Structure formats: C-alpha cells, structure tokens
Amino acid sequence: MIQQIKQIPVSSIILDEEIYPRKGIDHRRVGIFSENLRDGFTFDPIEVEPCPDKPGYYRLLDGAHRWSTYKSTGVEEVKAIIKDLDGNDPLLYAATKAIGPKQLTEDEARDTARRAYSGNSSLSSTDIGKAIGRSRQTVDAYIADLRAANRMGLDIKISRMNRLGIPQDRIAKRLGLDQKTIHNHLGEMPALAFLLNGDLSRGFSVSQVAEKHGWTDPMVWSLALEGKNDNDRFKELGWGRRTWDKWEFNDCDKRLGDDWPGRIPAQLIAHILCYFSKPNDLILDPMAGGGVTPDTCLAMGRRCWAFDLMDRPDTRPEIEPFTWDISSDQGLLWPVNAKGKPDLIIFDPPYFDKKAGDYDKKSISGLSRKTYLEFLEAFFVLLKQNVKKTTRMAFINADWRDFQNTSAIEEKYKGGILIDDYLDILKKTGWYHTHIIQAPMSSQRFNAGVVSAMQKKNILGVISRYVIILGQEC
C-alpha cells in the first residue's frame, strides 16, 4: 500500500458509512477529544483514501472521532495520511484500524463481517476475522446464511449457463472460478431440480416456484416444459401460435427478457425458434441486449450463446461481454474459439438512429448511415466464415425513414435505409432469403399528441418491421 502525508481541508473529508465499521459516532468521546485539543494535545494524523466517485474528496479509513472533533472545534485543515489501498477491501482495512483503541461491539463486528462478505464473497472467514478481531468460527456463524444464499445464487448461474449449452471452460472464465468447481456444482444440479419439480408437480405455478427457490421464471419454465414439444410449450406459456407470415404482437411478455431499449416480444423469438430450429439446436444471439433470446431459448428447449457489449455478470451471466469493433486493425473478430457452431442466428441489432441516445456510445445505432451499412456487410461476411453451411439466420429489422419532421411527399430516397438495402447487402455477402415475415411494431408507441402533430404536417410514420429468414444457398 502506498501513502503520503499532507495537509487537507476538513471539509474535503467524508464519513462513508459503507466502509465505516461502527454503528455511529461516540459523542462523549468527541467531547473528551475536544477538551484535549483545547489543552494543546496533538493527535496522530487521520487516515483517508481518495473518494472513488468524487474527485477532490477523501473518505475516512481511520480517525472518525478525531475528524468529528476537528469539525466541532472549527479546525479548517488537518494532517492526513492519504492511502492507496491497492485493491485491499476498504471496509476491512477500516475495521482493522478501528479495533486498535476500542474493540468493535458484537453488533458492529457482525455487521462489518456481513457487509464485507456481501461486497466480496471471495473473502475468507480468516481474513474477515483478522480485520474485525474475531475467530474464524465466529465469522462463519455471522455469514452462514449469506454464504448459503451466495452458493444458491452461484448454482443458479451455473445451471442457467449449462442449460443454454455454454461450455464449462467458458462458464468458469465468466464466473471467475476453476473448471473443477463448475464440474462439482453441476453434479448437484439434479438434486436442486428435483426440489423444484416436486413443487411443480404439487400444482404450484411457475412464478410461485421461482419466488420460493430464488430462481428466475425462465429457468423454472425450462424445467416445467422439459420433454414437451413446441406446440405444448406454446400452450403452457399462453401464446397463440401464428401459422401465417404476419406475426403481430402488441405487448412484450414480461416474464422473458428485461426492460430494454428496443425490446422485442418473446413470442416473436419463439415463433422463429419453432419454425426454423429444432429442440436442443444451438442459437446464436450476437447482440443480446435485454436477454429475450436466451430466456426464450430456455423456455423453448434450445441452447443459446449470447453476447453483448453491456456486461452484467450478476443478473445476466449467460450474456458474455463482447464488442463488435469494426474499427479494429484486425477487422471484426469472432467472440469465441469453439468447436460448436450455431444452427440458427437471431440477429436483432440496434436499428439505425432509433434510440441511439438510449444505447451505449459504442452501439452501432449511433454510426453514420454509410458506416452502419458497412458494419452489416462485414458482419454478414464474418458470420459465413464461422457457421455451418446449413446455418440459417433470422435478421430482424425495419425500414428507416427520417420522417420525424418531413412530410411524406418531401422524403427522398437517399435519406433512408429500407429493407431493400439490407437485402442487397445480404445477397452480396452470400445470404439468400427464403421468407420475409411481417412483424409490425405497435402503433401505440405514437401517443395522441404525436399523432395529431403528424397529421398536421402530413407525416407518414413507420411501424413496419420484418423477420428475414436466410440461408447460404440460393
């Protein structure tokens, strides 16, 4: 650990309760310190570290009572040791300093141990015990329930990724564990599934079982629907099955996928899976966003490899972080080195310009029209190089016209990107469509005020959206 000593303003020091191990300030102690200060007593420097989210401010590691004394007596600047903890847990460091002059109370020790473990589950009971002045056995008792919940959470993550067909080496890398640990956890999965299946067989609903056991709805659906055919899965999920080429869904099924910019209905993904894949096929979603595709694959009995530039390891461990970077010197790269190749690609990219402000700045939605189309061309070529000859692709996109402030009669060809443009690029890169399915977006996204303004300006809006199914042979 690196440190320096200098004078800093008392007003720049913060008591961050997240890393403060005691229940509060002992004002009697502050009163004694104030008398000592008036009598000319010199205190040791307090210890601080730079605030990670507030430049120019420091948070206390040691000396909360001295700091309170300085504030109450009007001292403006104090000598402080500024620490760089170099990755060490600040809560445990503060706890170590706190037990010197005065032992932590039982409540303070228990609370600190639980907070430390919740923040970093890799901490051992011994490490926590040394910091708070308690034995390993005592710390074990403090955090037993948290450790059990964390283990269950880890079991669920591993099971989820395993059910989606993600290889054990990638699961281990994603969760920061060794492959033997993953293997051992998977050995316990049948017992966990048995408990959930028991509740399902007794008539509990999927949502009730999910809430009771701390599983997600899609994971429980994957158990409840295991062994059923696609028609039965649709019935159990309460979805009407479309047998024509217009898939019109006004609402997203909130059980599957997260609230996300440009979220598409799980029913749409399920129809793609039903018509253009078989049970246990491997599905690739290269821009998975809110996770509708992996959730729907769980419910429909398909495997799924999903990638996205947003990394959410706690809530979406199955969506592996990856950025499709067209600006790289090496060009676009494939995200994994794996023997497995997808049977179906579901490609629902961020649409050009739409909701660009809601996406990450690296999203392709914010590219220029020219660069957006160049990206798609490079991407379609990369797909061909890394999939099977029999792999199909479901490309989901919509006409884009800059209609917001332009009357229909004034719109020009060069300003838009229409389905024709996508089809031209797909054919150029060796992808040939077999189906174009209408899947319009809801017109309800235009509220009454917007509709009125559009009518006044003679603007023709866009709710068109298409699912283009493609193969590599014409």
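Predicted model: local features only at pLDDT ≥ 70, side-chain atom pairs only at ≥ 80, totals over all residues.

Biologist: Let us start with helices. At what angle do α10 and α11 pack?

Modeller: Look at the angle and the distance between axes. Helix α10 covers residues 206-213 and helix α11 covers residues 217-224. They pack at about 120°, with their axes 9 Å apart. Angles from 65 to 115 degrees count as roughly perpendicular, and those over 145 as roughly antiparallel. This pair is therefore oblique. The crossing of α10 and α11 is right-handed.

Biologist: Which residues of α10 and α11 meet?

Modeller: From α10 come Val-206, Ser-207, Val-209 and Ala-210. From α11 come Asp-217, Val-220, Trp-221 and Ala-224. Sort these contact residues by type: six are nonpolar, one is polar and one is charged.

Biologist: Now another pair. How do α15 and α16 cross?

Modeller: Read it the same way. Helix α15 (residues 369-386) and helix α16 (residues 419-428) cross at roughly 35°, and their axes come within 9 Å. The crossing of α15 and α16 is right-handed. On the α15 side, the contact uses Arg-369, Tyr-372, Leu-373, Leu-376, Glu-377 and Phe-380. On the α16 side are Asp-421, Tyr-422, Ile-425, Leu-426 and Lys-428. This contact has seven nonpolar residues, no polar ones and four charged ones.

Biologist: On to the rings. How many aromatic pairs are there?

Modeller: Rings pair if their centres lie within 6.5 Å. The count comes to 17 aromatic pairs. Take Trp-324 and Phe-379: their ring centres are 5.1 Å apart and their planes stand at 85°. Planes over 60 degrees apart count as edge-to-face, so this pair is edge-to-face.

Biologist: What does the pair of Trp-324 and Phe-379 tie together?

Modeller: Trp-324 lies in the loop between β8 (319-321) and β9 (344-347), while Phe-379 lies in helix α15. The pair therefore ties together parts that are 55 residues apart in sequence. Ring pairs also build a cluster, whose members include Trp-324, Trp-334, Phe-375, Phe-379, Phe-380 and Tyr-422.

Biologist: Are Trp-324 and Phe-379 buried or exposed?

Modeller: Check relative accessibility; under 20% means buried. Trp-324 is at 9%, so it counts as buried. Phe-379 is at 0%, so it is buried too.

Biologist: Last one. Where is Thr-69 found, and what does it contact?

Modeller: Thr-69 sits in helix α2, residues 64-73. At 0% relative accessibility, Thr-69 counts as buried. Leave aside neighbours within four places in sequence, and Thr-69 is in contact with Val-30, Phe-33, Ser-34 and Leu-37.

Definitions and conventions
Residues numbered from 1 in each chain as written. Heavy atoms only, no water. Axes fitted to C-alpha atoms, helices over the stretch in contact; angles between N-to-C directions. Helix = DSSP H or I, 4+ residues; strand = E, 2+ residues; numbered from the N terminus. Parallel < 35°, antiparallel > 145°, perpendicular 65-115°, else oblique. Left-handed = near helix turned anticlockwise from the far one by under 90°. Contact = heavy atoms within 4.5 Å. Nonpolar A, V, L, I, M, F, W, Y, C, P; charged D, E, K, R; others polar. Phe/Tyr/Trp six-rings, centres within 6.5 Å; stacked < 30°, edge-to-face > 60°. Buried < 20%, exposed > 50% of the residue type's maximum accessible area, 1.4 Å probe, protein only.
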